[in-house]
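Please read the following briefing alongside the sequence and the model. It is arranged by topic, with the conventions stated at the start.

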Amino acid sequence: MSISIKFSSKSAADTAVVFIHTGNKLSPAAQDLDKKSGGLLKRALESAPKFTGKAGNALTLALPEKTGFQRVICLGLGDLKDTAMPEAEKLGGNLFPVLESADIQKAVILADDVNSEFLAHLAAGLKLRSYKFDRYKSKKKDAPKPLSEITIVTPAHKQAAGLFTDLNHTLKSVFIARDLVNMPPNDLYPAWYADFIKKELTPLGVSVEILDEKKMKTLGMGAILAVGMGSSRKPRMVIMRWNGASKKSKGGPVALVGKGVTFDTGGISLKPGEAMDEMKMDMGGSAAVVGAIRALALRKSKADVVGIVGLAENMPSDEAYRPGDILTSYAGKTIEVLNTDAEGRLVLADCLGYLQDKYKPRVIVDLATLTGAIMVALGHEYAGTFATTDDLWKKLEGAGTAASEKIWRMPLDETWLKDVESDVADVRNTSKSGRLGGSCSAAAFLQNFVEDGIPWAHIDIAGTAWIKKDRPTVPRFGTGFGVRLLERFVAENYE
Ligand code: BES
Ligand code: MN
Ligand code: ZN
């Protein structure tokens with residue numbers, strides 16, 4: 001269960017949070033508590049040299065009973081006020097663990113000198129950080145009750161609540177995407193996942209179509225089917241349609257495509273054993289697409305959007321596809337398989353082919369945990385983004401900034417198109433240059449399946465969909481990366 005965040009004109013709780021600005025300037029609510037406690041706040045701040053009111057500084061103090069609170073958390077705001085929304089979110093993200101470690105169930109934030117937009121984003125940061133994935137832990141009867149309610153007290157509470165409701169639709173969808181990424185691959189496999197998407201989105205007015213193995217065979221989807229051949233749990237393709245525009249929008253729907261490999265062992269080109277469990281996150285692109293469509297539907301987006309995800313499990317077995325196989329994709333292009341671990345691009349090739357044939361989209365954005373190489377280039381901070389037009393890149397970059405999800409532009413080039421030409425088929429699934437530029441050759445492979453004239457971008461989220469264990473401050477969990485980016489991308493450009 002995640003925490004509930006409320007906005008109100010007044011509220012009671014054991015613990016209060018007050019804002020302190022640069023140079024230890026107290027907010028009106030902080031001044032009030034200082035007065036009621038006989039100057040306790042000012043004295044405490046003076047004797048704490050590390051606390052300067054810088055954004056993110058936090059100091060917890062016990063308060064005398066007459067103040068009405070047991071304790072106060074002084075939260076540094078620095079010079080932030082009213083403008084910087086990503087910073088407001090970050091601040092909320094930093095505040096959450098402070099509140100959590102205070103061992104309380106309810107807190108109030110006395111916010112009388114910042115505007116409602118800032119507060120809505122602060123609340124979003126709190127909420128995002130409160131996410132937990134504990135559904136697989138058995139319940140302990142005498143477990144202490146966790147922090148469950150935060151009330152933000154502000155004169156502009158109605159406005160702030162309205163703004164937060166909009167953000168919260170997306171946050172709930174981020175949580176669903178995180179849940180999907182975190183779910184173990186024995187429970188989350190293509191058929192289950194496809195049914196989940198249908199159950200989750202149909203009630204919101206999204207039409208969901210599931211293509212099963214039989215249907216995909218008759219349609220000639222030789223690439224995604226090959227990836228799933230080694231597993232007894234067969235592939236699915238799921239198409240989600242949200243028709244939010246009043247008239248048929250010019251140029252067809254906005255298309256969002258996601259890689260949904262529910263577990264990637266590498267297949268016959270087996271991966272090394274270490275950390276292979278992490279390959280349950282190889283459906284992170286599809287989770288972002290499902291989450292984004294859900295967020296758009298929840299707030300009745302005025303755009304026409306089609307989401308398409310390719311779901312398959314990449315396993316080695318006597319029925320698995322092999323290096324050397326030549327596949328025929330939906331679009332008719334033949335693919336020479338040189339490494340069965342380069343499976344994501346095969347899944348996406350059939351998604352792209354079917355999408356363009358059936359829906360004639362005006363623009364395509366795909367998200368995929370496609371290459372380890374993107375982590376070598378950009379680590380866990382930025383998702384690598386390849387775009388065929390500057391205009392599409394700018395739209396995505398703007399959306400990334402608005403969503404606090406960072407992307408970095410990567411190159412598309414003739415060289416890599418040549419690198420994925422095959423001697424015996426139309427394309428090959430690995431580069432002739434080996435591992436060098438691995439993310440770029442993967443993008444070039446996909447480019448072969450995009451028709452001329454349709455703006456297309458590919459976002460490689462292998463580094464951002466999952467936070468690694470080598471960062472001790474954050475758990476090794478799915479991030480839901482892409483949900484907010486795609487939601488903003490559609491909202492800001494196509495509604
Ligand atoms: N799913 C992996 C990419 C990946 C690696 C995602 C690490 C997240 C963390 C993808 O299917 C893969 O195996 N790519 C290969 C491609 C290579 C065989 C050309 C890779 O990156 O090594
Ligand atoms: Mn792989
Ligand atoms: Zn993969």
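Predicted model: local features only at pLDDT ≥ 70, side-chain atom pairs only at ≥ 80, totals over all residues.

Residues are numbered from 1 along each chain as its sequence is written, chains are lettered from A and ligands numbered from 1 in the order in which they are written, and side-chain values use heavy atoms, with hydrogens and water left out.

**Zinc site**

- The zinc ion (ligand 3) is coordinated at 2.0 to 2.4 Å by Lys259 (NZ), Asp264 (OD), Asp282 (OD) and Glu343 (OE), where donors are N, O and S atoms within 2.8 Å of the metal (3.2 Å for Na, K and Ca), and sites may look incomplete because water is not among the atoms.
- Six donor atoms surround the zinc ion (ligand 3) at angles of 77 to 175°, which makes the arrangement octahedral; for six donors, that term requires opposite donors to be over 155 degrees apart and all others between 65 and 115, and an arrangement that meets none of the defined geometries is irregular.
- Along the chain, the donors of the zinc ion (ligand 3) follow the spacing K-x4-D-x17-D-x60-E.
- Lysine 259 lies in strand 10 (residues 254-264) and aspartate 282 in the loop between strand 10 and helix 9 (284-298), so that this pair, 23 residues apart, links distant parts of the chain; helices (H or I, at least four residues) and strands (E, at least two) are DSSP runs, numbered from the N terminus.

**Manganese site and the bridge**

- The manganese ion (ligand 2) is coordinated at 2.0 to 2.2 Å by Asp264 (OD), by Asp341 through both O and OD, and by Glu343 (OE).
- The site of the manganese ion (ligand 2) is irregular, with angles of 71 to 167° among its six donor atoms, and its donors follow the spacing D-x76-D-x1-E.
- Aspartate 264 coordinates both the manganese ion (ligand 2) and the zinc ion (ligand 3), which are 3.2 Å apart.

- Glutamate 343 is buried, at a relative accessible area of 0%, whereas aspartate 341 is partly exposed, at 24%.

**Glycine 220**

- Glycine 220 is found in the loop between helix 7 (213-219) and helix 8 (222-228), and is partly exposed with a relative accessible area of 30%.
- Beyond its neighbours within four places in sequence, glycine 220 is in contact (heavy atoms within 4.5 Å) with Thr328, Ser329 and Tyr330.

Terms used. Tetrahedral: all angles 85-135°; square planar, octahedral: opposite > 155°, others 65-115°. Buried < 20%, exposed > 50% of the residue type's maximum accessible area, 1.4 Å probe, protein only.
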